[in-house]
Amino acid sequence: MALYRNRKRIRDPQRLPAWLMRTTRRQAAYQVRRLKAYPRTDLSPEMLIEERLPDHALEQLERQAM
């Protein structure tokens with residue numbers, strides 16, 4: 001959305017990849033700050049436990065992705 005909103009301000013197409021990387025880093029940093037400031041409280045402890053997939057299921061998903 002940022003690219004679309006700023007499309008008229010971008011004058012040099014050669015600099016677009018650098019602009020995209022910089023914008024992505026800034027947005028990611030913003031999201032991290034926002035999540036730290038307002039942590040989710042609606043998750044139950046059971047939802048916070050990471051469940052690992054069995055190796056065979058992970059391998060199958062990787063094959064499907066390829």
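Lining the largest pocket we have Arg9, Ile10, Arg11, Asp12, Arg15, Leu16, Ala18, Trp19 and Arg22, where a pocket is an open set of points on a 1 Å grid over the protein atoms alone, with protein on both sides within 12 Å along at least five of seven lines, and lining residues have an atom within 4 Å of a point. By class, that lining holds four nonpolar, no polar and five charged residues, and the space in the largest pocket comes to about 160 Å³, a volume being the space filled by probe spheres set on the points.

Please keep in mind that this is a predicted model, in which local features need pLDDT of at least 70 and side-chain atom pairs count only at pLDDT 80 or more, while totals for chains, interfaces and linings use all residues. Residues are numbered from 1 along each chain as its sequence is written, and side-chain values use heavy atoms, with hydrogens and water left out.

On confidence, pLDDT being the predictor's score for each residue from 0 to 100, the chain averages 81, and 79% of the residues reach at least 70. Where pLDDT is low, the predicted coordinates should not be read in detail.

Let me turn to Thr23, which sits in helix H2, residues 16-37, helices being DSSP runs of H or I with at least four residues. Is Thr23 buried or exposed? Thr23 counts as buried because its relative accessibility is 17%, and buried means under 20% relative accessible area with a 1.4 Å probe, protein chains only. Its side chain reaches the backbone oxygen of Trp19 at 2.8 Å.

Notes:
1 Å grid on protein atoms, 1.4 Å probe; cavity = no way out; pocket = protein on both sides within 12 Å on 5 of 7 lines; lining within 4 Å. Nonpolar A, V, L, I, M, F, W, Y, C, P; charged D, E, K, R; others polar. Helix = DSSP H or I, 4+ residues; strand = E, 2+ residues; numbered from the N terminus. Buried < 20%, exposed > 50% of the residue type's maximum accessible area, 1.4 Å probe, protein only. Polar contact = N/O pair within 3.5 Å; in protein donor to acceptor, adjacent residues only side chain to side chain.
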